[in-house]
Amino acid sequence: MSLGPPADNLTRVSPITLADFERDALPTLWAYGEIPAISPAYDPDWQAAGHLTRAVDLLASWARTRELANASVRVQEIPGRTPVLLVDVPATANTTGTVVLYGHLDKQPPLGDWSEGLAPFAPVRRDNRVFGRGLADDGYATFAALSALEDLERRGVPHARCVVLIEASEESGSPDLLAHLDRLSDDLGDVELLICLDSGAITYDRLWVTTSLRGNLIAHLRVDVLERGQHSGTASGVVPSSFRIARQLLDRVEDARTGEILIPELHGDIPPSHRQAAQGLTAEFGDVAGDEQPTIAGLELMGVDATDRVLRRTFAPTLSVTGVGGMPLVENAGNVLRPYTELVLSLRLPPNVSGEVAADAVTRVLTTDNPSHARVTVTTSPATGWLAPELSPWLATALADASQATFGRPVGFCGEGGTIPFLAQLGERYPSVQFVATGVLGPGSNAHGIDEMLDLDTVVHVTNAVAHIVAEHAVHSA
Ligand SMILES: [Zn+2]
């Protein structure tokens, strides 16, 4: 039985405003923006540096000041792993299930020099936009999740038990999250709804809900040919170049001319509903995948048209070489035959391809029949993508109403090209869970790039939409 008010009452109560957010949340979000809480993969000394600890402590202190009846705030620590912030807010409705609200507090590295007047760890506000690393991806999530729950309690709107779970290894592929989930499995209870606040938006004028995410496979490929570097006048033509061998190996993975991935295990089928959705998206918004890229003048994009580019971005396996080792910087490049070449391969995977299967296939392809019997070593770190299960009717209605009530526009659905490992991990553990993956990463938000930006109006709208969805869940959860 439901103790909640009728759904249409919810749209008439006053939601939180930008002024509320500026007063209650922004000062602490700003202080968080000043902490270089770089994800562990990019900061091996993160424990000694203490930035992630400072960030989680700051967010925990803020969480303790929220007006939430009987809420408990704790930081879950596991030796050698990044911490997780947990805010457990008991149900105020007569419900038994749990809603998990997910975000992360670790940040991408700055990437490069930020534009004039901006810096990664010194937030700057311009109109209603705040620039700084990790604010939109994904520092805002703690504030949006708890502000939404606080708003419901202040207005006396019932909600189920909610657990706000903020992890600190997401930008490294969430290597620490499963260990934390293992410890939490009894404690989380029956997870009915997961709201993930780490996803993207095509525009800032409506609630965008993510329908799929690609997986990601990181592979380190190293080719050794010499014990030490040799004068290229004596060794070249005699000793095979490690770079040439690496090229041959890459040619087994990718067609260098078209970028097509040549390993069958890395391809997945595109469901017809996703093809239709991509057509609808580009019919309304144009070349959304192409237009946002800061390409040089005249560059020819991949894909035959806008819809193809959306589908490529969300379903195509791809290879990006993101790092190199064993090769001097250009100013130090001498005439030597180098002893080895190491490449970091970042492969995006279709939503319905297992990261583990892809890792095995890539390793097999790269380490079979080594050219010239060079020493080839491959290490992999896979993360599986995610394909949204079908929405329950109540949730479909709740999303539509939430977008209309907060943004004044219909909800939008789209696939994302990035990866949130948590969704696949949670989906495996709780097969019947309903998902809402949304976020504030819209045009110009520059997550992972320079000049990362958080749109404050969108944060407020998303916060109110979350409150609406959580309230509706309580109405419909027996
Ligand atoms: Zn993120």
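## Helix packing: H7 and H15

Axes here are lines fitted to C-alpha atoms, for helices over the stretch in contact, and angles run from 0 to 180 degrees between N-to-C directions. With that in hand, take a look at this predicted model: helix H7 (residues 177-188) packs on helix H15 (residues 421-429) at an angle of about 30°, and their axes sit 11 Å apart. Angles under 35 degrees count as roughly parallel, so H7 is roughly parallel to H15. The crossing of the two is right-handed.

Who does the touching? On the H7 side, Leu-177, Leu-178 and Leu-181 make the contact, and on the H15 side Phe-422, Gln-425 and Arg-429. Sorted by class, the H7 contact with H15 comes to four nonpolar residues, one polar and one charged.

## Helix packing: H10 and H12

Next up are helix H10 (residues 272-285) and helix H12 (residues 306-315), which pack at about 130° with axes 9 Å apart. That angle makes H10 oblique to H12. Their crossing is right-handed.

H10 brings Arg-275, Ala-278, Gln-279, Leu-281 and Thr-282 to the contact, while H12 brings Ala-306, Thr-307, Val-310 and Leu-311. By class, that gives five nonpolar, three polar and one charged residues.

## The nonpolar cores

The largest nonpolar core holds 109 residues, and Ile-195, Cys-196 and Val-470 touch the most other members. Helix H16 (residues 456-476) supplies the largest share of this core, at twelve residues.

Setting aside neighbours within four places in sequence, Val-470 is in contact with Val-99, Ala-148, Leu-149, Leu-152, His-159 and Cys-162. There's also a second, separate core of 24 residues, with Leu-217, Leu-347, Leu-349 and Val-362 among them.

Note on methods:
Residues numbered from 1 in each chain as written. Predicted model: local features only at pLDDT ≥ 70, side-chain atom pairs only at ≥ 80, totals over all residues. Core = buried A, V, L, I, M, F, W, Y, C linked by C-beta atoms within 7 Å. Buried ≥ 20, exposed ≤ 12 C-beta atoms within 10 Å, placed from the backbone. Helix = DSSP H or I, 4+ residues; strand = E, 2+ residues; numbered from the N terminus. Contact = placed C-beta atoms within 7 Å. Parallel < 35°, antiparallel > 145°, perpendicular 65-115°, else oblique. Left-handed = near helix turned anticlockwise from the far one by under 90°. Nonpolar A, V, L, I, M, F, W, Y, C, P; charged D, E, K, R; others polar.
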